[in-house]
Amino acid sequence: MNAERRDVSVAEDGKEATSPQKTYRVNDVVVAARPLEPALYLVATPIGNLGDITLRALETLAGADVLACEDTRVTRVLLDRYGIRNRPYSYHEYNANEAGPKLIAALQAGKSVALVSDAGTPLVSDPGYRLGQLAIEASLRVVPIPGASAPLAALVGSGLPNDAFLFAGFLPVKDKARHDRLAELRDVPATLIFFESPHRIGDTLVAAAQELGAERLGSVCRELTKTFEEFRRGTLQELADHYADKAVKGEVVLVIGPPLAKAAPEAGEIDRLLVRLAEDLPTAKAATEAAKLTGLPRKELYQRLLELKSDG
């Protein structure tokens with residue numbers, strides 16, 4: 001495998017000294033890649049299993065005038081698997097200020113540029129976001145090529161509700177900031193999805209149990225699509241206990257179910273709350289505050305408070 005790292009400056013005009021043959025291979029069948037229109041193509045690549053690439057992604061990787069990636073060595077493994085001779089150039093967080101404008105210049109010159117991350121969908125928690133912004137600001141066409149996604153794979157494999165979900169990226173590294181961020185997300189009515197380091201998953205689960213509730217359901221999804229793929233499900237407290245002082249390897253996605261439904265307060269509790277609030281607040285405001293505290297309709301609480309005052 002060629003591990004040489006090449007910079008995009010080699011291809012400032014979108015061409016190479018000798019143009020590679022624009023083909024890709026599927027099951028030993030060589031397929032010619034059709035010409036691409038000038039655009040920035042954001043290409044999703046496998047998150048583990050190289051078989052999870054799409055035919056459209058293969059054609060785009062083979063046919064692009066310029067192929068930019070985080071790490072040429074990682075991308076070369078994928079390209080070699082499918083017989084793609086296009087040569088990747090580095091675009092990552094350490095050279096983005098230099099390489100980004102050169103990629104934009106190639107686009108403005110009428111070239112097609114494909115961007116991939118090491119795994120998954122570009123622009124999701126990686127520096128490709130900045131390149132996408134530059135292209136849009138320059139009124140250049142941006143084309144997503146969908147495919148593998150670690151957040152979605154974790155969500156559907158977790159068994160947790162998926163009708164509403166929030167991908168929240170990485171949690172802060174420092175303990176207080178992590179707790180604060182989880183507290184901000186406590187009442188979001190959706191399943192939460194986080195990327196997490198295997199070295200911090202234990203501490204994160206402890207913080208999640210404290211801030212979101214020990215009985216809230218979660219799933220630690222590790223090494224998705226790879227040989228040692230694992231889903232561990234349970235309450236946040238059960239997961240925190242399991243991963244306490246446990247050495248974890250591989251990439252981790254943490255999925256946390258939505259807030260648990262609160263038990264409806266009994267009628268006597270509601271009456272006592274209304275009476276107590278009405279001692280200090282006008283009837284309408286007392287009903288409004290009771291609605292916030294109980295989640296019950298304000299109109300019903302207002303009517304009940306009027307009845308209590310009439311009986312009293």
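**Exercise 1. Determine which sense of pairing joins strand β9 to β12, and then describe the surroundings of β12.**

Solution. In this predicted model, strand β9 (residues 191–196) pairs with β12 in the antiparallel sense, over 5 bridges. Within this pairing, Glu 196 has Val 252 of β12 as its bridge partner.

Next, consider strand β10 (residues 217–222). This strand also runs antiparallel to β12, and 5 bridges join the two. Here Ser 219 stands opposite Val 255 of β12.

Finally, examine the side chains. In a regular strand they alternate between the two faces of the sheet. In β12, Val 252, Leu 254 and Ile 256 point one way, while Val 253 and Val 255 point the other way. Of the 5 residues in β12 (residues 252–256), 5 are buried.

**Exercise 2. Decide whether Ser 197 is buried or exposed.**

Solution. First locate the residue: Ser 197 lies in the loop between β9 and α7 (201–212). Its relative accessibility is 14%; a residue is buried under 20%, so Ser 197 counts as buried. Along the chain, Ser 197 and Val 253 are 56 residues apart, yet 8.6 Å separates their C-alpha atoms.

**Exercise 3. Identify the buried residues of helix α4 and state what covers them.**

Solution. The buried residues of α4 (residues 128–137) are Gly 128, Leu 131, Gly 132 and Ala 135. Viewed down the axis of α4, these residues fall within an arc of 100°, and they therefore line one face of the helix. Their cover includes β3 (40–43), α3 (96–108), β6 (113–116) and β7 (142–145). After α4 comes Ser 139, with a positive phi near 60°.

Key: Residues are numbered from 1 along each chain as its sequence is written. This is a predicted model: local features need pLDDT of at least 70, side-chain atom pairs count only at pLDDT 80 or more; totals for chains, interfaces and linings use all residues. Side-chain values use heavy atoms; hydrogens and water are left out. Buried means under 20% relative accessible area, exposed over 50%, partly exposed in between (1.4 Å probe, protein chains only). Helices (H or I, at least four residues) and strands (E, at least two) are DSSP runs, numbered from the N terminus. Two strands pair if DSSP finds at least two bridges between them. The arc is that of the directions from the helix axis to the C-beta atoms. Contact means heavy atoms within 4.5 Å.
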